[in-house]
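Work through the exercises below with the sequence and the model at hand. Try each task before reading its solution.

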Amino acid sequence: MDRTYWLEHGKFLPGEKVISQQPGLRIYEGEDRTTFESGNLQLTTHRLIWDDEDQEGRIIALDLSLVKKIDSIPGSFTKSPKISVSLLSAPASKPSGPSVLEKAGYVKLSFRKGGQDEFYRLLKEQLKAKEWEKSLPPPPKAIQGGLKMRTGIVGIERSIDKKQQETGREVTKALKDLDALIEKAKDVVAMVNKFAAKMEEKKGSLSEDETVQFKSYLLSAGIANPVTRETHGSGSAYHRELCKQLASFLEKPLQEFGGIMTLADVYCRFNRARGMELVSPDDLVNACGLFEQLKLPMRLRRFDSGVLVVQSLSHSEETVIQDTAKLIKEQGPLTAQELSRFVGVSIMLANERLLVTEGAGAICRDDSVEGLRFYPNKFLEVVT
């Protein structure tokens with residue numbers, strides 16, 4: 001940390017431009033944690049700038065000219081991905097900065113909210129470009145204690161306007177990166193569709209064991225390029241891309257399950273296909289909630305009982321009611337467990353089918369010590 005120095009908010013060098021920024025960044029001095037726990041890290045053409053998210057005006061900067069090399073450190077279940085930055089010796093004329101107990105030869109940048117891969121790539125590009133050598137700016141003035149200097153209304157307005165322009169450029173660039181990722185994912189989708197088409201062609205000649213084996217191959221192939229926070233950062237952009245990938249993944253499973261699946265089944269299947277890049281339950285719910293906004297052919301639905309399901313737009317509730325009532329009329333009174341065996345769905349979904357059919361008046365219930373059983377509604381029959 002002896003190479004860093006305090007910086008005034010919004011104070012940029014001549015010719016300096018913001019390239020990228022990432023929130024939730026923690027700084028390590030060597031292997032030791034520092035007091036710089038959570039801040040917004042900006043990468044410019046000249047420096048790395050860390051702005052404390054909790055304490056206003058606590059800002060430090062590190063000149064890219066002092067960076068000897070960088071290394072990418074992948075994350076794990078318990079550790080965030082990091083970038084190790086090896087440093088040259090601090091110049092004698094360096095402005096004052098944070099006090100340190102020891103002077104490590106490197107620092108680590110911990111990306112707790114993702115985005116490490118993209119930030120590493122951009123940092124590598126700036127170190128190669130060496131834009132700071134072209135402008136040769138004078139050394140910045142030291143800011144004692146990292147306190148933010150007061151500015152007038154005009155200065156504040158200019159700072160806000162500049163930040164909005166930078167944000168607009170970053171959003172445009174991020175959308176281009178997302179489009180490139182989608183193009184690469186098309187190859188994987190084509191491969192899976194090719195496997196599925198082959199299985200459909202040989203459907204009549206394949207035995208049951210061969211069919212199960214073929215489906216296991218498709219599941220083991222999984223999703224080669226899963227959408228993650230490391231590649232898309234955090235927030236709405238991540239959930240939008242996750243929603244698109246989830247909708248593409250669920251097309252065939254929804255067909256197999258008759259157009260409707262419980263959210264628990266979706267969670268298990270989707271995470272199995274993603275391998276080590278697991279999705280949290282909250283992220284899955286947020287992604288499913290965007291189906292309608294993104295005009296995708298499925299919706300997240302909540303039954304009156306509170307059960308959450310993903311339902312295809314082609315799924316007809318009227319057809320379900322008719323089929324369920326017809327089956328009970330032909331087979332006699334059924335429980336949810338018995339219906340699940342007949343139609344090949346989970347007991348939970350079978351119970352919801354019975355409740356929906358009952359709500360439409362097509363069947364009626366008998367709740368006794370033997371359990372809940374549903375009968376045909378005789379009152380609908382016309383007496384002649």
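This is a predicted model: local features need pLDDT of at least 70, side-chain atom pairs count only at pLDDT 80 or more; totals for chains, interfaces and linings use all residues.

**Exercise 1. The chain as a whole**

Task: State how many helices and strands the protein chain has, and what share of its residues is buried.

Solution. Begin with the secondary structure: the protein chain has 11 helices and 14 strands. Next take burial: of the 384 residues in the chain, 39% are buried. Last, consider contacts with a separation of 6 or more: 60% of them join residues 24 or more positions apart.

**Exercise 2. Tryptophan 6 and phenylalanine 36**

Task: Classify the aromatic pair of tryptophan 6 and phenylalanine 36, and say which parts of the chain the pair ties together.

Solution. The count of aromatic pairs in the model is four. In the pair of tryptophan 6 and phenylalanine 36, the distance is 6.5 Å centre to centre and the angle between the planes is 50°. Planes under 30 degrees apart would count as stacked and over 60 as edge-to-face, so the remaining class, tilted, applies. Now locate the two residues: tryptophan 6 lies in strand β1 (residues 5-6), while phenylalanine 36 is in the loop between β3 (32-33) and β4 (39-44). The pair therefore ties together parts that are 30 residues apart in sequence. Both tryptophan 6 and phenylalanine 36 are buried. Together with Trp50, Trp6 and Phe36 form one aromatic cluster.

**Exercise 3. Phenylalanine 249 and phenylalanine 270**

Task: Which helices hold phenylalanine 249 and phenylalanine 270, and how far apart in sequence are the parts that this pair ties together?

Solution. Start with the geometry: the ring centres of phenylalanine 249 and phenylalanine 270 are 5.5 Å apart and their planes stand at 55°, so this pair is tilted. Phenylalanine 249 belongs to helix α6 (residues 236-256) and phenylalanine 270 to helix α7 (residues 263-274), so parts 21 residues apart in sequence are tied together. Phenylalanine 270 has 1% relative accessibility and counts as buried.

**Exercise 4. Cysteines**

Task: Give the number of disulfides, then decide whether cysteine 268 is buried or exposed.

Solution. The structure has zero disulfides. For cysteine 268 the relative accessibility is 52%. The cut-off for exposed is over 50%, so cysteine 268 counts as exposed. Cysteine 364, with a relative accessible area of 31%, is partly exposed.

**Exercise 5. α9 against α10**

Task: Describe how helix α9 packs against helix α10.

Solution. Helix α9 (residues 317-331) and helix α10 (residues 336-343) have axes 12 Å apart, at an angle of about 105°. Angles of 65 to 115 degrees count as roughly perpendicular, so α9 is roughly perpendicular to α10. On the α9 side, Thr324, Leu327 and Gln331 take part; they meet Leu339, Phe342 and Val343 in α10. Sorted by class, this contact has four nonpolar, two polar and no charged residues.

**Exercise 6. α10 against α11**

Task: What is the packing angle of α10 and α11, and how far apart are their axes?

Solution. The angle between α10 and helix α11 (residues 347-359) is about 105°, and the axes are 8 Å apart. α10 is therefore roughly perpendicular to α11. Ala336, Gln337, Leu339, Ser340 and Val343 of α10 make the contact with Ile347, Ala350, Asn351, Arg353 and Leu354 of α11. By class, the contact of α10 with α11 has six nonpolar residues, three polar and one charged.

Conventions: Residues are numbered from 1 along each chain as its sequence is written. Side-chain values use heavy atoms; hydrogens and water are left out. Rings of Phe, Tyr and Trp (its six-membered ring) pair if their centres lie within 6.5 Å; planes under 30 degrees apart count as stacked, over 60 as edge-to-face and the rest as tilted. Helices (H or I, at least four residues) and strands (E, at least two) are DSSP runs, numbered from the N terminus. Buried means under 20% relative accessible area, exposed over 50%, partly exposed in between (1.4 Å probe, protein chains only). A disulfide is a pair of cysteine sulfur atoms within 2.5 Å. Axes are lines fitted to C-alpha atoms, for helices over the stretch in contact, and angles run from 0 to 180 degrees between N-to-C directions. Angles under 35 degrees count as roughly parallel, over 145 as roughly antiparallel, 65 to 115 as roughly perpendicular and the rest as oblique. Contact means heavy atoms within 4.5 Å. Ala, Val, Leu, Ile, Met, Phe, Trp, Tyr, Cys and Pro count as nonpolar, Asp, Glu, Lys and Arg as charged, and the others, Gly among them, as polar.
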